[in-house]
Amino acid sequence: MFGLSRSETEVVVSWLLVALLVVVGVAGLLRGADATAVFAFLSAVLAAAPAILTRERRATLPWPVVGLAALAALGQRFTPYDVVATYVWVVSVTLILVVDLQAFTDVEMSSRFSAAFVATTTMAVGAVWTVLRWVSDAFFGTSYLGGVDPVMWELVGATAVGVVVGIAFESGLHEVIDEGVERRLDRGERR
């Protein structure tokens, strides 16, 4: 793309996706502060954190990880499938955290531990999000969930998504992410 190497193209695409997250966050603020704006800004900050902290513009996450967060933000903002998009967002933030820790810190995780971490964190964040909405319904009169049965189904959904993502991570996504980071950064700059 425009005479850039493959790794430079990946860096550019990753930064464009971070910019897209910021745009979605700003659009959320312009419509009144809502959860989508918070999700988009949090994803952008977590995705840009390695580059900001290391002052190395190439220290970006692989574009599929940032792209998943951008897809979730767009889904929350512009589609009627905001519940599904919320699950995708939880998965993407969990993946961003794992890649940040694995690639840019001294933390070393085996692929199985990473998969278990992704699965359990996805389940935990999904459960906390569901309980917060239930508490809001019970005490503040909102209607996010509408009863106990939807709460149970939300928890089942969060668990299912966590298990699927953990299996996908163990089955090869972990290696794809590591290769993407390795291509852009020399081994000496990795940590």
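Modeller: The secondary structure of the protein chain comprises 6 helices and 0 strands. Please note that this is a predicted model.

Biologist: In what order do the elements run from the N terminus?

Modeller: The order is α-α-α-α-α-α.

Biologist: What percentage of the residues count as buried?

Modeller: Of the 191 residues in the protein chain, 43% count as buried.

Biologist: And what share of the contacts comes from residues 24 or more positions apart?

Modeller: Such residues account for 68% of the contacts in the protein chain that have a separation of 6 or more.

Biologist: Let us turn to the aromatic residues. How many aromatic pairs does the structure hold?

Modeller: There are 3 aromatic pairs in the structure. One of them is formed by Phe-39 and Trp-89, which are stacked at 4.0 Å centre to centre with 25 degrees between the planes. An angle under 30 degrees is what counts as stacked.

Biologist: Which parts of the chain does the pair of Phe-39 and Trp-89 tie together?

Modeller: Phe-39 lies in helix H2 (residues 35–54) and Trp-89 in helix H4 (residues 82–104), so the pair ties together parts that are 50 residues apart in sequence.

Biologist: Is Phe-39 buried or exposed? And what of Trp-89?

Modeller: Phe-39 is buried, at a relative accessible area of 9%. Trp-89 also counts as buried, at 6% relative accessibility.

Biologist: What does Phe-39 form with Trp-129?

Modeller: Phe-39 and Trp-129 form an edge-to-face aromatic pair, with 5.3 Å centre to centre and 65 degrees between the planes. This pair links distant parts of the chain, since Phe-39 is in helix H2 and Trp-129 is in helix H5 (residues 111–140), 90 residues apart. Trp-129 is partly exposed, with a relative accessible area of 27%.

Biologist: Which residues do the ring pairs link into a cluster?

Modeller: The cluster consists of Phe-39, Trp-89 and Trp-129.

Biologist: Now the helix packing. How do the axes of H4 and H5 cross?

Modeller: The axes of H4 and H5 come within 9 Å and cross at roughly 140 degrees. The two helices are therefore oblique to each other, because only angles over 145 degrees count as roughly antiparallel. H4 passes H5 in a right-handed crossing.

Biologist: Which residues make the contact?

Modeller: On H4 they include Val-90, Val-91, Leu-95 and Val-98. By class, the contact of H4 with H5 divides into 8 nonpolar, 7 polar and no charged residues.

Biologist: And H2 with H3: how do their axes cross?

Modeller: The axes of H2 and H3 come within 10 Å and cross at roughly 170 degrees. H2 and H3 are therefore roughly antiparallel to each other. Thr-36, Phe-39, Ala-40, Ser-43 and Ala-47 in H2 meet Val-66, Ala-69, Ala-73, Gln-76 and Arg-77 in H3. That contact has 6 nonpolar, 3 polar and 1 charged residues.

Biologist: One last topic, the backbone. What is phi of Arg-55?

Modeller: Phi of Arg-55 is near 55 degrees, a positive value in a residue other than glycine. Most residues other than glycine have a negative phi.

Biologist: Where is the place of Arg-55, and is Arg-55 buried or exposed?

Modeller: Arg-55 is in the loop between H2 and helix H3 (63–78). At 78% relative accessibility, Arg-55 counts as exposed.

Definitions and conventions
Residues numbered from 1 in each chain as written. Predicted model: local features only at pLDDT ≥ 70, side-chain atom pairs only at ≥ 80, totals over all residues. Heavy atoms only, no water. Phe/Tyr/Trp six-rings, centres within 6.5 Å; stacked < 30°, edge-to-face > 60°. Helix = DSSP H or I, 4+ residues; strand = E, 2+ residues; numbered from the N terminus. Buried < 20%, exposed > 50% of the residue type's maximum accessible area, 1.4 Å probe, protein only. Axes fitted to C-alpha atoms, helices over the stretch in contact; angles between N-to-C directions. Parallel < 35°, antiparallel > 145°, perpendicular 65-115°, else oblique. Left-handed = near helix turned anticlockwise from the far one by under 90°. Contact = heavy atoms within 4.5 Å. Nonpolar A, V, L, I, M, F, W, Y, C, P; charged D, E, K, R; others polar.
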